[in-house]
Amino acid sequence: MASSGHGSGRQEAADRRLRLIAGHLHPRIAASECKAEAAESDPVRAKTVPKRRQEVMKWNGWGYSDSRFLFNKKGQAEFTGRRYRLGGLIFPSLKDWFESTFGANLQHKSPPTAALNSSAITPPNLNEPFLQDLKSMGIPHSLEAEDRVFRAHGHCLHEIFALREGRFGRLPDMVVWPNCHDDVVKIVELACQHNACLIPYGGGTSVSSALECPPDEMRSIVSLDTSQMNHILWIDEKNLTAHVEAGIVGQELERLLNESGFCTGHEPDSMEFSTLGGWVATRASGMKKNIYGNIEDLVVHIKMVTPRGVVEKSCQVPRMSTGPDIHHFIMGSEGTLGVVTEVTLKIRPLPEYQKYGSVVFPNFEQGVACLREVAKQRCAPASIRLMDNAQFQFGHALKPQVSSIFTSFLDGLKKFYITKFKGFDTHRLCVATLLFEGDREKVLQHEKQVYDIAAKFGGLAAGEDNGQRGYMLTFVIAYLRDLGMDYYVIGESFETSVPWDRVLDLCRNVKERITRECKERGVQFPPMSTCRVTQTYDAGACVYFYFAFNYRGLADPVHVYEQVEHAAREEILANGGSLSHHHGAPKPMSDTCETTNQIAAYIQSHGLLRPRFLHLVVHDGVVDAKATEDDERLCRKRR
Amino acid sequence: MLSRREDFRDILEERRTSSDLSHALKSFTRVSSRASPPCSVSTLNKTVLESQHLHYIMQEVSKDTGEPLEAIREEAAGILEEMSQNLQLGYIRFLGFILSKVFKRLFRKINVNEEGLQRLQQAMQESPVVLMPNHRSYVDFLVLSYLLFTYDLSIPVIAAGIPLMGMQLIGEILRRSGAFFIRRSIGTDKLYWAVLSEYVKTILRKDFAPVEFYVEGLRSRTLKSLPPKLGMMHMVLEPFFKGEVYDISLVPISISYDRVVEESLLAYEILGVPKPKETTMGLLKARKVMDEDYGNMHVCFGHPLSVRDLAKGKVNRKQYNLIPRDLPMKPSESIHAFANTTAHLVLRLQQDNMVLSPWSLMATILMQNLGGINLKLLTKQTVWLKWLVLDFGALVDWPVQVADSEVMSSGLSLHHSVVRCEGDQVLLAEQKPQRGAAPEEAVFRRAVAVLMCASYRNQALHVLASPAMLSVALSLAAASSRADIYNLYAFLREMFYNEFIFIPDRTGQDFEEACSLLQKCGTVQIINQNIMVTDKGLSVTSFLTAAVEPFIDAYQVIFRYICSRSVQEFTEKQFISGIRTFTLNLILTGEVKSYDVLSSETQKNALASLVRLNALTKKKREEQTYFSPNKAAIGRTADILAGKIAPQARTYSRL
């Protein structure tokens, strides 16, 4: 293991990864060190992400280089680094949980290749005229292997797995860092002019394969990294809006707004690294959407650069009725239509009071019934999530070592009360985690209302601590995946939205399908197949699945993984769920969903759209400059 | 002897050596590993009555009829009360004790394939199970519960006809042994359908108990499989389509009898004498059947079919996404086709696992020698037939290490009610008509004897049906080209679709199979897309043709009858009484030899075939079904069947 090692390259890499992970576990506290250029004259300047991401981030895993989980010499799980509140803590029960859940063994390691070997990377396929013009405009760029590798992938399992094995597919041939909207306009114009291919890159947290470079792309691929476009351009206190550059990272946006006494309240699980532009492009959803809304509710204005010009509304108004909303064409387009450069968002004054909570239910059915009732009464707190039993056990395994005997005694008492006195079965019970926000008084009132409803469904209040730990799980899960991958365990999450009447059936059938498909495909140990109802709506819910298994003995684990995930998604669709609630359309399944693109392409092929209006592309995630010419030809024909 | 391996074990053996009482009182633990705790009968019924689906239908009915919702709810509760089972282990034990006594008295052996029971146990742990036995005798009714009790498996709830409920005391005992009662003709009674389907679906969703039902709908009077009824089939499939359960296992179960307890009633019933009403007194009176020997009984549990696997690629479950879960939804074309194919598949699998007795092979030979046959010849031919059906993949219960002659005489003596020996001659045992009785009376008595024998032939007919269709096609075809023969085969298959139960959309596959069976036993040669009967194969094809000839003759008579009538339309009732007189005359003049045409089952099947072939049009008017014939089409059909003209060419498809 890395902590016990010395010298070898592999160990170093592991160390670095460790450091990276640790940074993650302090959800609301930003990284302090910043290597990016200092703020210029801007009023508010973010500073998390340097151009050279490799300086703080892992190249083949999640998050910061200094933050990671590992099993120490004693076999105890521990989290490194100081970025998160979890840094330096010991998790005594994680090892047992890990070994018994996956049939894994600390003796059986599957470490990644040591370091990024730049020499193994194919040299860039450069578009010289493009490069020359770019240079003459003074827009920063890089041809370096490391920069290119960093922007060639999102965080899908197959992408990370390949990186850990030191395999690289088609990479972008160069990276450019526009500093503002006008830079993007110039870059897109150049790409059109010189027939280059652009892929917008924000936080790199995509899980829909949208960043993957098409292997058969012959043109030079340019990764357009928006990370330097990270200013809050203005804050409008009268209308409660903020105009922000799209490259800003979630945690920075919140931090900077907080300094002025505001927040957006948009907190997707990836908010440490994902960007505003990415949220818009994927129709993101935040944990606290019950109060603040999803991205489509938050956005007031979008500026997007397309190969056919800039798309934006001429006003910043709460609603309009002049044809279909152009925003809804942009949101969810996943970079296929253009580059989002600036966004006006609603903001809110910072809430006065925040309180976590949790409720234990005797079983998942009762829990879902309670959430349904809460949704019906429209009294959902900022966040309400219901974890199934397996996920409850998972969360439990992440309980840090308690320092006092008194606390552990109390824990014992609680457990005794719930299982023995209340007769809950530890293998069936499940937990809802809650987060309340707002005026202190209203929060307390609200809290009582929700607990009263829960009681009707057999729910018992189970304390703030359990609630908070539940939310922590979603922030550390990506770091935990890296830990699993060190020991032959691979996994991923996927999500769906589903009408209320199908929630239970969908959860049961999808989990069962995963288990059976794994067995059929030769997975030796039953997989972890768990879900939580993670958002509630009037007409349905969002369900989030974790799925992981021990791949020892499998020749092509990623392929098996993908087959099982495909089957699981098929099951979701058959049970009345959607392909995605907020992750975006998974690439391998895009044949099953009629994306906006397909509809648009279809409509445009009939000449219904004005050609100057929008432009369409072939590959998801790729702004395709060549298509412009085709459009041109089409237009000429029509004329 | 069994050439296809299926190991049977006689469960009566243990009953004969140990106490029935301790068997009835043995500890019984229901095997089920799935998570949901079992619910009580009253919770089950409450769930049904409070279901959204039923609520919705009740509102609709209330709107239609103008009656208050409360009254409709009462009515629904009444229906449910009449219907619902009240499964109690105590009654199963009680029944177990009685049945041990009865079965030992009736049967020499009850043979069960234990491997099948193990598979069933496995299936029960994985998903809700539907038990689908064939139905040949009243004895079927509780034998499965008895077996499952003996083997510590969950006791099923059983769909039963409402007449059984009417039996005093017995009805209640059956109810407490898991029977739930369904009215015979539900027709368009919306509320009744809703209560029934919600009841069945709730049992499956809650995995309350395995559901047992007869996909044939009725007890088969001919001992042949009946065309499936799809109502229950749809009900048990829907929870899977709607995702309410992960999967459902359908378990085909084949129950075969050496001798059927109610054999003498069968012939009368198919000749149109109504069956006696089920009453407790009737049952007590029927006690004397207990003194007879009924030989062996075989119960073969087939491989469980996963509905999920069957539906893969055939049913798009997303079609259920656009309508609220609890609202009734008319099954789409694809769902309907799937239910139909699945029901036929189950029937086919039931047939595959039927165990043929030497007697049913003898009956098949006897049916081709109604005038009597020399015992030696009968033995020779029966043994020959045994090898043929073994080649065709049938299971045969031919005792090993016993001389063939002994097997024969044992079969003959067991069936003294059907055959008798006069010296070396084996003859049908028919009751002599009273002196001075009308000649029709003699025909009727003869028909009873022939049809009784025919039902035992029918037990083996499914093995021969497809190759026999091919043999007939070969004899009718003008040329030996594969395409011509396929055309004829497909035509015959359509013609006898209900008679012999073919799986829809499998014509090509079945044709290939029949060809390869006959090829394998050297009956036909296939050279350059030509199918030719070999010299030594002639005996096989002519035997097979003769085996189905009574049906062909019967259909021809029926066609003739319809064409000879001048009326524009007729009801089924008119048809059945008319055809009976018509046939009787033909038999009296010696023009017709087939007695199968007197069977009301054959008559109904022929009507259904003509409707399928669009030679009859079916119309419903004022609760009455009318048929109007297209005589030209019927004439053409008759001509094809007689080999006078070729059927319309159809595209050959393997699947």
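**Reading a predicted two-chain model**

Colleague: Let me start with one residue. Is A:Tyr544 buried or exposed?

Modeller: Buried means under 20% relative accessible area. A:Tyr544 has a relative accessible area of 8%, so it counts as buried. Keep in mind that this model is predicted.

Colleague: What does UniProt say about A:Tyr544?

Modeller: The unreviewed UniProt entry annotates A:Tyr544 as "active site". Such annotations may be inferred rather than shown by experiment.

Colleague: Where in the fold does A:Tyr544 lie, and which residues does A:Tyr544 touch?

Modeller: A:Tyr544 is in strand 22 of chain A, residues 540–550.

Colleague: Now the whole of chain A. How many helices and strands are there in chain A?

Modeller: Chain A has 20 helices and 23 strands. It has 639 residues, and 59% of them are buried.

Colleague: What share of the contacts in chain A joins residues at least 24 apart?

Modeller: Take the contacts between residues at least 6 apart in sequence. In chain A, 77% of these join residues at least 24 apart.

Colleague: On to salt bridges. How many does a search of the whole structure find?

Modeller: The rule asks for a side-chain nitrogen of Lys or Arg within 4 Å of a carboxyl oxygen of Asp or Glu. Over all chains, the search finds 73.

Colleague: Take A:Lys288 and A:Glu267. Which parts does the pair tie together?

Modeller: The closest N and O atoms of A:Lys288 and A:Glu267 are 2.9 Å apart, in a salt bridge. A:Lys288 lies in the loop between helix 8 (276–282) and helix 9 (289–292) of chain A, while A:Glu267 is in the loop between strand 11 (262–263) and helix 8, so the pair links parts 21 residues apart in sequence. Both A:Lys288 and A:Glu267 are buried.

Colleague: And in chain B, how far apart in sequence are the parts tied by B:Arg136 and B:Glu216?

Modeller: B:Arg136 and B:Glu216 form a salt bridge, with their closest N and O atoms 3.0 Å apart. B:Arg136 sits in the loop between strand 3 (129–133) and helix 8 (140–150) of chain B, and B:Glu216 in the loop between strand 6 (211–212) and helix 12 (231–241) of chain B, so the pair ties together parts 80 residues apart. B:Arg136 is buried, with a relative accessible area of 4%. B:Glu216 is buried too, at 0%.

Colleague: What about A:Asp439 and A:Lys442: buried, partly exposed or exposed?

Modeller: Exposed means over 50%, and partly exposed is in between. A:Asp439 has 37% relative accessibility, so it is partly exposed. A:Lys442 has 55%, so it is exposed. In their salt bridge, the closest N and O atoms are 3.8 Å apart.

Colleague: Which residue does A:Glu571 meet in a salt bridge?

Modeller: A:Glu571 meets B:Arg308, at 2.7 Å from N to O. Both belong to a network of salt bridges.

Colleague: Last, chain B. How many residues of helix 17 are buried?

Modeller: Nine of its nine residues, 358–366, are buried. They include B:Trp359, B:Met362 and B:Leu366.

Colleague: Which residues of chain B does UniProt annotate as "transmembrane region"?

Modeller: The unreviewed entry gives residues 141–166 of chain B. In the model, that span is 58% helix and 19% strand, and its end C-alpha atoms lie 16 Å apart.

Terms used:
Residues numbered from 1 in each chain as written. Chains lettered and ligands numbered in written order. Predicted model: local features only at pLDDT ≥ 70, side-chain atom pairs only at ≥ 80, totals over all residues. Heavy atoms only, no water. Helix = DSSP H or I, 4+ residues; strand = E, 2+ residues; numbered from the N terminus. Buried < 20%, exposed > 50% of the residue type's maximum accessible area, 1.4 Å probe, protein only. Contact = heavy atoms within 4.5 Å.
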